[in-house]
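User: I have a protein to look at for class. Can you walk me through it?
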Amino acid sequence: MKKWLLSCMALILVLSLAACGEKKEAADIVIIGAGGAGMTAAIEAHNQGAKVVLLEKLAFVGGNTARAEGGLNAAGTEYQQAAGIEDSAELFFEDTMKGGKEKNNPELVKTLTEKAKDSITFLKENGAELSEVGRAGGASVDRIHRPQGGEAAGNFMVVALKKRITDLGIDLRLNTSATEIIKNDKGEVTGVKAMDKEGKEFTIDAKKVMITSGGFGANFDMIKQYDPKLADFKTTNAPGALGEGIVMAEQAGAALVDMEYIQIHPTTIPGQGVLITEGVRGDGAILVNEDGQRFTNELLTRDVVSQNILAQNGKHAYLIFTDKLVENNHATEAYFKQNLVKEGSTIEELAGQINVDPANLAETVKQYNGYVKNNKDDQFGRESMKLSFEQGKYYAIEVTPGIHHTMGGIVINTKSQVLDKDGNVIPNLFAAGEVTGGVHGANRLGGNALADITTFGRIGADEAVTEINNK
């Protein structure tokens with residue numbers, strides 16, 4: 001009789017759970033966020049035999065990665081060697097630390113700068129070859145890798161990685177939000193709670209959990225909390241960049257770092273937050289103010305160029321380039337389609353289109369052409385000058401700084417393991433990408449975000465699978 005009663009009670013409990021829509025599943029690794037870091041980690045873990053569940057709260061993959069335009073920094077690649085570019089992990093390290101105002105975690109930077117070249121190989125193997133090398137702000141040499149022809153690198157990567165996810169049959173769940181990281185009484189992470197598109201809650205028991213949900217560049221409450229002076233800026237971030245992964249990690253005991261460092265990108269469209277890739281400047285464009293005059297070395301770090309633009313009348317500037325750059329950089333095609341570009345057959349005609357003094361702009365261009373010819377910028381010390389303005393059609397895009405990247409986030413170590421406030425590893429919890437802090441310090445160099453997400457996404461997945469296999 002007692003055994004029968006217990007069986008009935010168990011059946012009632014199961015029926016009650018089913019009626020409430022609750023369910024439990026199991027996986028080796030649950031990855032939260034299907035941007036570049038999440039998809040990279042999912043592919044790496046799957047290829048090593050792990051059962052992966054990849055959760056994405058939006059109806060599409062990509063996150064901020066899909067909006068990244070410049071490329072991926074890496075040193076010592078086959079593409080640099082083929083182009084005769086001398087680079088090293090040590091120089092890459094120095095540039096990154098300098099760009100971050102020495103606030104970066106040097107161990108993380110060392111890992112990034114040594115391993116990023118392997119990310120180039122990984123992407124090539126997964127359908128996203130970044131074979132063209134250019135220059136980004138803060139780099140001592142040409143180091144930023146992008147698709148041939150200068151196509152926007154981020155979306156190029158997202159399309160390839162999504163196809164690979166599909167081809168491999170990885171369990172990707174769109175419109176599905178992680179809501180909580182579950183820990184046992186020993187402080188070990190054991191899974192996640194989540195919610196599907198119909199609002200039904202469920203639990204996934206997991207041997208490992210990895211947070212790759214991005215930063216908080218679209219969450220203005222958090223922006224106001226950490227840097228109030230940016231409250232009125234527009235953002236280039238995808239709408240899903242709301243920082244929930246950071247909040248969940250902190251609730252699970254994770255430490256945070258560098259939350260006050262929020263990067264503004266110097267070249268976004270006023271009032272829109274549309275990003276103009278740094279590759280336009282890297283490929284030879286110059287910046288002029290309302291008076292038609294240059295006012296900065298266009299290839300300084302993003303924070304410096306942004307502040308120099310904000311110091312001009314109207315807090316804006318104009319990117320000036322020619323059809324030669326358009327031929328070499330396919331990313332510019334989108335700007336023409338969006339009607340963001342003014343043009344003129346002569347410099348004076350272009351000046352009229354953007355309401356700057358034609359004589360000043362003509363003199364600025366003439367002076368700059370001399371710098372290109374002599375390979376020496378006597379005015380601002382720009383070292384990479386790939387474009388002369390002596391002929392062709394002339395183009396201009398009005399730009400102003402906008403919120404672009406949040407350098408702060410979850411504290412990790414060089415294995416992408418999440419650390420608590422005492423510096424100890426939280427068992428079974430990993431993180432990679434913009435959701436983490438410490439890699440970029442006070443300012444991120446252009447090209448280091450895609451390097452970060454791909455490199456630490458792979459590292460975290462590899463470590464997670466290794467730990468599973470060693471148990």
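Analyst: What follows goes through a few parts of this structure, one at a time.

User: Where does this model come from, and how are residues numbered?
Analyst: The model is predicted, so local features need pLDDT of at least 70 and side-chain atom pairs count only at pLDDT 80 or more, while totals for chains, interfaces and linings use all residues. Residues are numbered from 1 along each chain as its sequence is written, and side-chain values use heavy atoms, with hydrogens and water left out.

User: Which residues does UniProt list for the FAD-dependent oxidoreductase 2 FAD-binding domain?
Analyst: The UniProt record, an unreviewed entry, gives residues 28–450 for "domain: FAD-dependent oxidoreductase 2 FAD-binding". UniProt positions are given in the numbering used here, feature names are shortened, and annotations may be inferred rather than shown by experiment.

User: What is the chain made of over residues 28–450?
Analyst: Over that stretch the chain is 31% helix and 22% strand. Helices (H or I, at least four residues) and strands (E, at least two) are DSSP runs, numbered from the N terminus.

User: Which strands pair with β15?
Analyst: Among them are β11 (residues 262–268), antiparallel over 5 bridges, β13 (residues 317–322), antiparallel over 6 bridges, and β14 (residues 342–344), antiparallel with 3 bridges. Two strands pair if DSSP finds at least two bridges between them.

User: Which residues of β15 stand opposite Gln-263, Ala-317 and Gly-344?
Analyst: Gln-263 is opposite His-405, Ala-317 is opposite Val-399, and Gly-344 is opposite Tyr-394.

User: What holds paired strands together in general?
Analyst: Strands of a sheet pair through backbone hydrogen bonds, either parallel or antiparallel.

User: What about the sheet with β10 in it?
Analyst: That is an open sheet of 3 strands with mixed pairing, in the order β10-β16-β19. Its edge strands are β10 (256–257) and β19 (436–437), each pairing on one side only. β10 runs antiparallel to β16 (residues 409–411), with 2 bridges between them. Leu-256 has Ile-410 in β16 as its bridge partner.

User: Which helix packs on that sheet?
Analyst: Helix α8 (residues 244–251) does, touching β10 and β16, and its direction makes about 35° with that of β16. Axes are lines fitted to C-alpha atoms, for helices over the stretch in contact, and angles run from 0 to 180 degrees between N-to-C directions.

User: New topic: how do α4 and α5 pack?
Analyst: Helix α4 (residues 89–99) packs against α5 at an angle of about 135°, with the axes 9 Å apart. That makes α4 oblique to α5; angles under 35 degrees count as roughly parallel, over 145 as roughly antiparallel, 65 to 115 as roughly perpendicular and the rest as oblique. Residues making the contact include Phe-92 and Phe-93 of α4 and Val-109 and Leu-112 of α5.

User: Where is Ser-119, and why does it count as buried?
Analyst: Ser-119 is in helix α5 (residues 106–125), and it counts as buried because its relative accessibility is 0%. Beyond its neighbours within four places in sequence, Ser-119 is in contact (heavy atoms within 4.5 Å) with Thr-454, Thr-455 and Arg-458.

User: And Gln-225, buried or exposed?
Analyst: Gln-225, in helix α7 (residues 220–226), counts as exposed because its relative accessibility is 53%.

Note on methods: Buried < 20%, exposed > 50% of the residue type's maximum accessible area, 1.4 Å probe, protein only.
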